[in-house]
Every structure is written in structure tokens, then in C-alpha cells.
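Good morning, and thank you for making time for this presentation.

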Amino acid sequence: MTQRILVARAIFPETLARLRAHFDVEDNPDDAVPTREQLLAKLRDKAGVLTTGGERIDAELLDACPQLRAVCNMAVGYNNIDVPACTARGVVATNTPDVLTETTADMGFALMMAAARRMAEGERYLRAGHWKKWSYDMLIGHDVHGSTLGILGMGRIGQAIARRGALGFGMQVIYHNRSRLAPELEAPLGARWVDKATLLREADHLVLVLPYSAASHHAIGAAELAQMKPTATLTNIARGGIVDDAALAAALREGRIAAAGLDVFEGEPAVHPGLLEVPNVVLTPHVGSATLATRRAMADLAADNLIAALTGGTPPTPLNPEVLARR
Ligand code: GLV
């Protein structure tokens, strides 16, 4: 019998067509965001699901949907999936690393530059008709080139941002991560591992690229913001919840840091009202990987994972390879 799968949100028609060649697919052409109850109901008779990062897959859901064998996220971050709970039940979990690294690093760099050079503020100023004359101090920002780039979380995307900074913009790169990079990765970037306090104190532009977990919740809050330079920028392209958005809004309002660039938010798509009120923040709606080529590559990889996981193949990017070894 053809296995049934759910594609939780709207997706490229080509990806759906590929999946339909293998499975009986329930799709979501209207792209309605399923409630928790709807997701549970939809998954009761499914062997697999293509999630997009927003659908919570936890022990309760897995127990209610015992037929589920594969959960394939179209995202590199997988804080929506309880991987140990999947592993305990023999459910394959996958994500989409690598294919989005450079695109997401571009976005991080763009947000950092936009924050440092006050681009969104400048555009709002111009569109509002306020631009009447040149002034020596109009929209004065802070240099990116030659400054100190601080990176919190130095995985694939962090390293791609470091390459842009070191090789393209002559920045000194400092980073903090649980584990140090191998010397052969540090050397070409001149990257230096520092403790978190040093990172906060020395970075001119701090970029967050670490995964969200209980351990990274509010990794940047009032106490951390207080250690940063008043001229510094903060960019978050990782996950909402890593930054205490209320504390950040207060720091921006009071000029305790210069500016921020944010692509992710606590409780998104809601945005803390304090962030909407301050001028010195560039806000984008979680689009770090949103280029056509990269979104296609992510969809293809998620589909490859799902097809392999449910047809006895080897998924290219498993999060719990031990499940595959057991079957
Ligand atoms: C996007 O946020 C992702 O994790 O891919």
C-alpha cells in the first residue's frame, strides 16, 4: 500500500510532484498554518511529514501518531523537533544543512551592514520626505571594514560570515563557541576564540549564529547588552529567544548599543512592540535562507530525506543516524 505523508505547508509544485511519485501526499496548497490539534489530526494516519521549522514534533505528538516513521525539516534549525523523542521511537529526523550556509551568511552580513550604516532608517527618512539638505552628521553610522567582527556560535554559517568579514572587509574575527575551531580553520581567517565576556566587550559588530535550545535561551539579555560597546551593533539571524527582545528594545531605545539587525524574533511572527518603536533596528521577517536557488535546494534535500527514510534508503542529512543503523 502506498504510504501516506503530510507536507505541512505550501511548497514548490516540483517538490510535491517528486513526493507524489512515491507517496500518497496530503499537501497544504492554501498554506494555512496548522494548529496543534490540526497537525495531530493530520499526522494520525501518516508515515512521514515534511515540516518547515514551525511545526512542533514532540513526544506527545509522536505517541499520538505511532505510524510516523520520518520527520523531515526544511530548515537547518530543528528546535521544533524533539530529536531524542524521535530516536527513542525509531523515527528518522532530518534537517537541511549546508545548502543554505552561504545564502544565510549573506543575509547576516547584509543585516549587519544595514544596521551599522543605518540603511533602513535612511530609507524611512527619505520616503517620509525629511531629506532637505546634506548635513555633516546626518545618519552617521559605524564602519564595518577594518572593525572587529564578533561571532557567537561558530558552525557552518558562523564560519561563512567570518570568511566574508576577514577576507572581504579586513575585519578582525573573534568568536565564542562551545568548541574551538581546528587551527587550520582559524588560521586563514585570523579568527581568535575568546570567552563570552571578551566577545561582548570587544566586538564592534556581534552576529548571533548559534542554535536555539534551553541553554541558549536569552543568551543575550540586559546583562550581556550592558557589556557591549555603545557603538556596537547586534545581528540575530539564528532564532528568536536567543535574544531577550524586551531587553534589546530597551538597550536600543536608550542608546546602550548603536543598532541591531534582526531576522528572527521571540514568538514570531509577533514582534515585540518595543522593537517596532525604535528607529535603530533593521527588521526582516525570518528570510535568511530566502533565495530561489536556496529554497529549492532546501525543498529538494527535505524531499530526498523523506523519500530515502521511507523507502529503505539512506537519508543524506539525518539528525539521528543511530535510528538508521538500528533498522
Ligand atoms: C531557518 O531558520 C532554518 O533553520 O533553516
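Let me begin with the residue classes: Ala, Val, Leu, Ile, Met, Phe, Trp, Tyr, Cys and Pro count as nonpolar, Asp, Glu, Lys and Arg as charged, and the others, Gly among them, as polar. By that scheme, the shell around the ligand consists of three nonpolar, two polar and one charged residues. Please keep in mind that this is a predicted model, in which local features need pLDDT of at least 70 and side-chain atom pairs count only at pLDDT 80 or more, while totals for chains, interfaces and linings use all residues. Residues are numbered from 1 along each chain as its sequence is written, and side-chain values use heavy atoms, with hydrogens and water left out.

Which residues are around the ligand? They are A75, V76, G77, L100, R239 and H286, where a residue is near a molecule if one of its heavy atoms lies within 4 Å of it.

I turn to the polar contacts, that is, pairs of N or O atoms within 3.5 Å; within protein, one atom must be able to donate a hydrogen and the other to accept it, and residues adjacent in sequence count only if both atoms are side-chain atoms. A polar backbone atom of V76 is 2.8 Å from an oxygen atom of the ligand, and a polar backbone atom of G77 is 2.7 Å from a ligand oxygen. R239 contributes through its side chain, a polar atom of which lies 2.7 Å from an oxygen atom of the ligand. The ligand taken alone exposes 190 Å², and the protein buries 83% of that; these areas come from the Shrake-Rupley method with a 1.4 Å probe.

V76 also brings us to N95: a polar atom of the N95 side chain lies 2.8 Å from the backbone oxygen of V76. N95 sits in the loop between β5 (92-94) and α5; helices (H or I, at least four residues) and strands (E, at least two) are DSSP runs, numbered from the N terminus. Is N95 buried or exposed? N95 counts as buried because its relative accessibility is 5%, the limit for buried being under 20% relative accessible area (1.4 Å probe, protein chains only). From N95 to A232, 137 residues apart along the chain, the C-alpha separation is 33 Å.

Next, the cavity. A search of the whole structure finds one cavity of 30 Å³ or more, a cavity being a set of points, on a 1 Å grid over the protein atoms alone, where a 1.4 Å probe fits but cannot get out. The largest cavity holds about 50 Å³ of space. Of its 13 lining residues, the closest to the centre are E121, P279, N280, V281 and V282. Helix α6 (119-127) gives the largest share of that lining, four residues. The lining divides into nine nonpolar, one polar and three charged residues.

Finally, N305 is placed in helix α13 (residues 292-310), and N305 counts as buried because its relative accessibility is 0%. N305 and A70 are 235 residues apart in sequence, yet 8.7 Å apart in space, C-alpha to C-alpha.

Notes
On a 1 Å grid over the protein atoms alone, a cavity is a set of points where a 1.4 Å probe fits but cannot get out, and a pocket is an open set with protein on both sides within 12 Å along at least five of seven lines; lining residues have an atom within 4 Å of a point. Grid points are joined across faces, edges and corners, and a volume is the space filled by probe spheres set on the points. Buried means under 20% relative accessible area, exposed over 50%, partly exposed in between (1.4 Å probe, protein chains only).
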